[in-house]
Amino acid sequence: MAGGFPKPLTDEVVQAADIVITMGCGDACPVVPGRRYLDWPVADPDGAPVAAVRAIRDDIDARITDLLATLPA
């Protein structure tokens with residue numbers, strides 16, 4: 001995770017996606033008809049204690065697991 005950083009959500013990326021997941025992007029995100037949009041409100045880990053960052057990580061992991069369970073095989 002040390003090398004991770006926020007990536008821009010460009011029109012090209014959204015057009016290539018079936019599901020677009022944002023985390024507090026708001027109205028600044030590109031919207032393409034026919035895509036499924038999910039906004040996951042998660043706390044900002046910047047400057048948070050390690051325990052809080054781990055809780056955020058675990059929350060995102062649980063959301064991903066739940067989403068995967070809803071996708072067709």
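1. A residue is called buried under 20% relative accessible area, exposed over 50% and partly exposed in between, with a 1.4 Å probe and protein chains only. On that scale L68, which has a relative accessible area of 54%, is exposed. L68 is placed in helix α2, residues 50–70, where helices (H or I, at least four residues) and strands (E, at least two) are DSSP runs numbered from the N terminus.

2. The model is a predicted one, in which local features need pLDDT of at least 70 and side-chain atom pairs count only at pLDDT 80 or more, while totals for chains, interfaces and linings use all residues. Residues are numbered from 1 along each chain as its sequence is written, and side-chain values use heavy atoms, with hydrogens and water left out.

3. As to the overall architecture, the protein chain contains 2 helices and 2 strands, and read from the N terminus these elements follow the order α-β-β-α. The C-alpha trace spans about 40 × 30 × 20 Å along its principal axes. Of the 73 residues in the protein chain, 15% count as buried.

4. The protein chain exposes about 5,600 Å², of which carbon and sulfur atoms supply 59%; accessible areas come from the Shrake-Rupley method with a 1.4 Å probe, and for residues only the protein chains shown count as cover.

5. The structure holds 2 salt bridges, each defined as a side-chain nitrogen of Lys or Arg within 4 Å of a carboxyl oxygen of Asp or Glu. In one of them the side chains of R57 and D58 meet, at 3.1 Å from N to O; R57 counts as partly exposed at 38% relative accessibility, and D58 is likewise partly exposed, with a relative accessible area of 42%.

6. D59 forms a salt bridge with R63, and the closest N and O atoms of this pair are 3.2 Å apart. Both residues belong to helix α2, where they are 4 residues apart, or about one turn of the helix. D59 is partly exposed at a relative accessible area of 30%, and R63 is partly exposed at 24%.

7. Where charge is concerned, the mean positions of the 6 positive and 11 negative charges of the protein chain are 5 Å apart. In this count Lys and Arg are positive and Asp and Glu negative, with His and the chain ends not counted, and the place of a charge is taken as NZ of Lys, CZ of Arg, CG of Asp or CD of Glu.

8. I60 also lies in helix α2 and, leaving aside its neighbours within four places in sequence, is in contact (heavy atoms within 4.5 Å) with M23, W40 and V42. From C-alpha to C-alpha, I60 and L9 are 18 Å apart in space and 51 residues apart in sequence. Among contacts in the protein chain between residues at least 6 apart in sequence, 19% join residues at least 24 apart.

9. A16 is found in the loop between α1 (11–15) and β1 (19–22), and with a relative accessible area of 69% this residue is exposed. A16 and R35, which are 19 residues apart in sequence, are separated by 9.5 Å in space, C-alpha to C-alpha.
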